Amino acid sequence: MVKRYTLPPDYKIKTLLIRNEPQIKIIGELAEEAFIRFGHYRDFISELVWKENVITSIIVNKRDDQDIIGFLVLGFFYEDSDKIPKGLYADILAIAIDEIYRNRGLGNQLLKWCLELIENLCLAGDKVNCIKLTVAPDNQNAVALFRKFGFEFEHEEIGEYATGVEAKYMFKDLNGLLEPFGN
Ligand SMILES: CC(C)(COP(=O)(O)OP(=O)(O)OC[C@H]1O[C@@H](n2cnc3c(N)ncnc32)[C@H](O)[C@@H]1OP(=O)(O)O)[C@@H](O)C(=O)NCCC(=O)NCCS
């Protein structure tokens with residue numbers, strides 16, 4: 001039986017630091033499959049993972065760097081309106097686990113990695129105000145997972161994905177929780 005909340009023994013979480021075209025292609029294919037209910041995301045995600053304000057983590061086989069079973073794309077943006085606290089915020093732009101590896105705690109592992117990264121940025125002095133993501137409210141396991149990490153729905157509806165599926169923002173407020181040292 002697979003122990004929950006641990007990676008399969010041969011896999012590790014790794015940040016994409018070097019541009020590796022075969023890996024980017026595989027991430028694009030994973031995205032196409034995982035997000036097909038919302039539209040075609042192959043090209044969008046393949047381009048997104050290398051934007052300069054984005055950090056991408058993957059769950060990859062330690063012995064085969066093309067065996068990727070999940071990814072999370074984290075973006076950083078500056079908010080200047082009154083919709084969310086002004087300043088730097090993080091946006092979980094995409095998270096997906098290969099279908100056959102779902103419900104084993106891997107999404108949990110990637111989110112934990114992401115929150116630890118943001119916490120470390122805050123400890124190093126970059127004040128991140130909140131974390132945002134977009135989700136279909138009927139995507140039950142995604143919503144359950146995000147709630148477990150403290151994300152809540154905004155009341156305001158934001159619209160729909162290309163396929164007409166409803167999309168909403170969830171937020172995790174970091175104010176006061178992750179103050180940088182010295183502030
Ligand atoms: C969302 C996604 C990344 C989650 O990854 P995962 O590895 O399956 O997630 P985990 O196993 O860590 O956690 C899933 C949680 O949802 C719960 N869950 C599963 N099915 C559920 C359901 N039908 N209703 C409520 N909760 C459910 C699980 O019980 C688990 O919580 P638990 O750990 O408390 O038991 C994965 O389902 C996926 O890739 N989906 C397709 C892409 C997608 O929709 N991404 C999100 C877009 S914002």
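Colleague: How do the residues of the shell around the ligand divide into nonpolar, polar and charged?

Modeller: Bear in mind that this is a predicted model. In it, 21 residues surround the ligand, with Arg102, Gly107, Asn108, Asn141 and Ala144 the closest. Sorted by type, the shell comes to 11 nonpolar, seven polar and three charged.

Colleague: And which element gives the largest share of that shell?

Modeller: S4, H3, S5 and helix H4 (140-148) are the elements that each give two or more residues. The largest share is six residues, and they come from H4.

Colleague: OK, on to the largest nonpolar core. Which residues touch the most other members?

Modeller: Elements giving two or more residues to this core include helix H1 (21-34), strand S3 (64-79) and strand S4 (87-97), and S4 has the largest share with eight. Leaving out residues up to four places away in sequence, isoleucine 27 touches Ile45, Ser46, Val49, Ile58, Ile68 and Phe71. Of the 42 residues in the core, the ones touching the most other members are Ile27 and Ile68.

Colleague: Why are the buried residues of H1 on the same side?

Modeller: H1 buries Gln23, Ile26, Ile27, Leu30, Ala31 and Ala34. On the other side of H1, Glu21 and Pro22 are exposed.

Note on methods. Residues are numbered from 1 along each chain as its sequence is written. This is a predicted model: local features need pLDDT of at least 70, side-chain atom pairs count only at pLDDT 80 or more; totals for chains, interfaces and linings use all residues. A nonpolar core is a set of buried Ala, Val, Leu, Ile, Met, Phe, Trp, Tyr and Cys residues joined through C-beta atoms within 7 Å. A residue is buried if 20 or more other C-beta atoms lie within 10 Å of its own, exposed if 12 or fewer, and partly exposed in between; C-beta atoms are placed from the backbone. Helices (H or I, at least four residues) and strands (E, at least two) are DSSP runs, numbered from the N terminus. Two residues are in contact if their C-beta atoms, placed from the backbone, lie within 7 Å. A residue is near a molecule or strand if its C-beta atom, placed from the backbone, lies within 6 Å of it. Ala, Val, Leu, Ile, Met, Phe, Trp, Tyr, Cys and Pro count as nonpolar, Asp, Glu, Lys and Arg as charged, and the others, Gly among them, as polar.
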